[in-house]
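Reader: I would like to go through this model by its geometry. Please show the sequence and the structure.

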Amino acid sequence: MPKLEYYIPVGRQRLRCGYTTGTCAAAAARGAAQALLTGIRPAGVEIDTPAGVRVQVELLDWSAGADWAMCAVEKDGGDDPDVTDGMRIYARVSRRSDGTLRVDGGEGVGRVTRPGLDQPPGAAAINSTPRRMIAEQLAAALREAGDHGGLEAVISVPGGEALARKTFNPRLGIQGGISILGTSGIVRPMSEAALVDSITLELDMAHAAGVQHLLVTPGNYGEDYARDHLGLETEGCISCSNYLGAAIDHAAGLGFSSFLLVGHLGKLVKVAGGAMNTHSRTADGRRETMAAHAALCGAPRGLVERVFEAATTDAALELLEEAGLREDVMASLTRALYENLRHRAEEEMEIQAVVFSNRFGLLGQTPGASELLARHRRGEGESL
């Protein structure tokens, strides 16, 4: 079958999208379920992704028994430099007598060992959206076959355990393999040069349109929070992805008056630690920065160690909340964030930030953020 022919403009390039490990798992589950229920092995399947893009994939490496069937889908990362590109994601589907649908992980799929992640400890590292996609495909196969029974899909990735050692999974407390991921089902290309080109092009267009006051977020989480919780006008919002430093440099060079950054703590804690490219392949330092500021605020050694070992920033915040130190630590982090932003902007542009988390909401803001927030609130001045 042909590769996914779905392209997006990134900077001055046109890049081909791929599909996620979650889409692969869902498609493999659909094919295996159809074979089990009908006795016919399809050459391929088409499934809809949450992004609204329909994906057609070939089904490979068939095997079957009396009450199970298994096949694989080869991961297509498109033009993204994806470490899982070309790997085969398998689904083994078997019948269940209780009439339910169940999704689990097998060889090469990690197991969660710490709280604070998308799945609870003990569960396979198959995130919520892929789990839903897999279950939907099992249900669709049952409907098509007119079958009212139950099914179980076990997802496996040969070689996944070795590959996971090159990722942050072990640090996050995911042991034994990779995670099955994807919120949209589609992999959007992440060429660094092309993304930086895209950011600078957006800034050039905003400058040409007469914009003076920028609203910037690292991505969808920040934009959604700015719109839904801060009441900001996000029509002209700039996404800087992981390339905050490049965005600040270009914006300051163009002469914008102000730059308001709204971001999740998981990204901005890296900036507080001095990283202006926040991609995990380039920099992390989240746990080191959180632990350092906890220590600066008087946390005892045991708590500092627990913060250092926390799987996520939200998990670290929960520990600090229990100890009555969350507000102090966030104030300290926000000061460091402001210092680093001001240093990068070099007095050429006013720069402020708002930090939030999904669990705790608004966590902190830099000293002059209130004035810039007022500029960007819907109906209160806009960004021109």
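Reader: In which sense do strand E7 and strand E8 pair, and over how many bridges?

Author: This is a predicted model, in which local features need pLDDT of at least 70, side-chain atom pairs count only at pLDDT 80 or more, and totals for chains, interfaces and linings use all residues. Residues are numbered from 1 along each chain as its sequence is written, and side-chain values use heavy atoms, with hydrogens and water left out. Strands (E, at least two residues) and helices (H or I, at least four) are DSSP runs numbered from the N terminus, and two strands pair if DSSP finds at least two bridges between them. Strand E7 covers residues 68-74 and strand E8 residues 88-96; their pairing is antiparallel, over 7 bridges.

Reader: Which residue in E8 stands opposite Glu74?

Author: E7 is made of residues 68-74. The residue in E8 opposite Glu74 is Arg88.

Reader: Which strands are at the edges of the open sheet?

Author: The sheet has 5 strands in the order E6-E7-E8-E11-E9, with mixed pairing. From one strand to the next, the twist averages 15°, where axes are lines fitted to C-alpha atoms (for helices over the stretch in contact) and angles run from 0 to 180 degrees between N-to-C directions. Two strands pair on one side only: E6 (60-64) and E9 (101-105).

Reader: At about what angle to E9 does helix H2 run?

Author: Helix H1 (residues 21-38) lies across E6, E7, E8 and E11, at about 40° to E8. Helix H2 (residues 128-145) lies across E8, E9 and E11, and its angle to E9 is about 135°.

Reader: Why is the protein chain described as compact as a globular protein of its length?

Author: The protein chain has 13 helices and 18 strands. The radius of gyration is taken over C-alpha atoms, and the globule rule is 2.2 Å times the number of residues to the power 0.38. For 384 residues the rule gives 21 Å, and the chain is as compact as a globular protein of that length because its radius of gyration is close to this, at 23 Å.

Terms used: Contact = heavy atoms within 4.5 Å.
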